[in-house]
Amino acid sequence: MAVLVVFLSFLVADVFGNEFSILRSPGSVVFRNGNWPIPGERIPDVAALSMGFSVKEDLSWPGLAVGNLFHRPRATVMVMVKGVDKLALPPGSVISYPLENRVYMVGKANSVFEDLSVTLRQLRNRLFQENSVLTSLPLNSLSRNNEVDLLFLSELQVLRDISSLLSRHKHLAKDHSPDLYSLELAGLDEIGKHYGEDSEQFRDASKILIDALQKFADDMYNLYGGNAVVELVTVRSFDTSLVRKTRNILETKQVKDPSTTYNLAYKYNFEYPVVFNLVLWIMIGLALTLIVTCYNIWNMDPGYDSIIYRMTNQKIRMD
């Protein structure tokens with residue numbers, strides 16, 4: 001089973017002011033409307049459960065309902081936008097939930113997407129080529145000569161290039177392997193820092209980003225024949241400072257585990273029922289095999305049923 005991950009970098013950060021939204025989802029995946037906050041570290045579990053995979057810990061989040069177990073989505077697309085609490089998405093077509101705590105993600109890229117522009121020079125050159133976003137998007141107050149604006153526009157160009165690449169490599173969307181796409185967009189955050197969040201450039205960039213995300217969601221949803229989940233995570237800022245805990249070397253007090261007081265068994269992991277069933281049924285099969293073998297040997301006639309008798313009896317007749 002192959003999992004396709006695009007531009008998924010390792011990220012562990014405390015998140016302040018954020019939102020988790022569902023842009024597109026098939027009928028087999030049911031997301032309920034409600035203001036239920038979801039911990040950031042459980043976002044990968046939501047993606048796994050929506051695609052029919054199991055997770056190590058049960059997810060007691062009421063936002064994701066039980067859908068069709070025999071018709072799961074073939075892909076999950078998650079886009080993280082940094083620098084804004086939420087985007088003014090069209091009402092009615094999007095389901096949003098508050099996001100809290102921490103975000104954990106890790107992955108690698110598929111070789112098909114190695115042709116995408118990744119360096120700043122490649123991104124800049126791509127913008128001034130034919131059929132780029134500069135020729136189709138209304139820039140309004142944004143400038144082609146500003147590096148911050150070009151960084152934001154280059155991220156929109158990457159979104160368009162990803163859908164274009166997939167349209168040329170449709171076998172990736174039609175195979176039987178589930179696909180996972182995750183992208184992080186930081187261009188809007190840089191525009192907010194450079195111009196200010198009350199500036200006209202930030203408002204125009206937000207509108208352009210919303211339209212681009214809607215177009216990207218539609219393209220990815222249609223490429224998978226309406227059998228894909230498209231998610232959006234908006235994050236205000238990250239606190240990536242590392243805090244190292246210290247302890248006094250003179251401290252000798254030991255904290256006793258309260259579970260040892262009641263002589264409780266250790267907590268089983270999610271693999272326990274699998275291993276238990278394997279061992280149980282193998283032992284039952286071996287026991288039944290041993291019983292049948294012993295029964296047949298006990299009731300065997302050595303003069304007629306033994307292979308030794310048959311071989312020696314044939315030899316005597318030949319002589």
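**A chat about the second largest pocket**

Author: The lining of the second largest pocket splits into 11 nonpolar, 4 polar and 2 charged residues. This is a predicted model, where local features need pLDDT of at least 70, side-chain atom pairs count only at pLDDT 80 or more, and totals for chains, interfaces and linings use all residues. Residues are numbered from 1 along each chain as its sequence is written, and side-chain values use heavy atoms, with hydrogens and water left out.

Reader: Which residues lie nearest the centre of that pocket?

Author: L49, S50, L64, A65 and V66, out of 17 lining residues.

Reader: Which elements each supply at least two residues of the lining?

Author: α1 (43–50) and β4 (64–65) do. Helices (H or I, at least four residues) and strands (E, at least two) are DSSP runs, numbered from the N terminus.

Reader: How many helices and strands in the protein?

Author: 8 helices and 9 strands.

Reader: Other topic. What is the mean pLDDT of the protein?

Author: The mean is 79, and 75% of the residues reach 70 or more. pLDDT is the predictor's confidence in each residue, from 0 to 100.

Reader: Where is confidence lowest, and where highest?

Author: Lowest in helix α8 (residues 307–318), at a mean of 56, and highest in helix α6 (residues 200–223), at 93. Over residues 1–16 the pLDDT is below 50, yet this stretch has 70 contacts (heavy atoms within 4.5 Å) beyond near neighbours in sequence.

Reader: And how many contacts for residues 240–255?

Author: The model has 2 beyond four places in sequence, and pLDDT stays under 50 there too.

Note on methods:
1 Å grid on protein atoms, 1.4 Å probe; cavity = no way out; pocket = protein on both sides within 12 Å on 5 of 7 lines; lining within 4 Å. Nonpolar A, V, L, I, M, F, W, Y, C, P; charged D, E, K, R; others polar.
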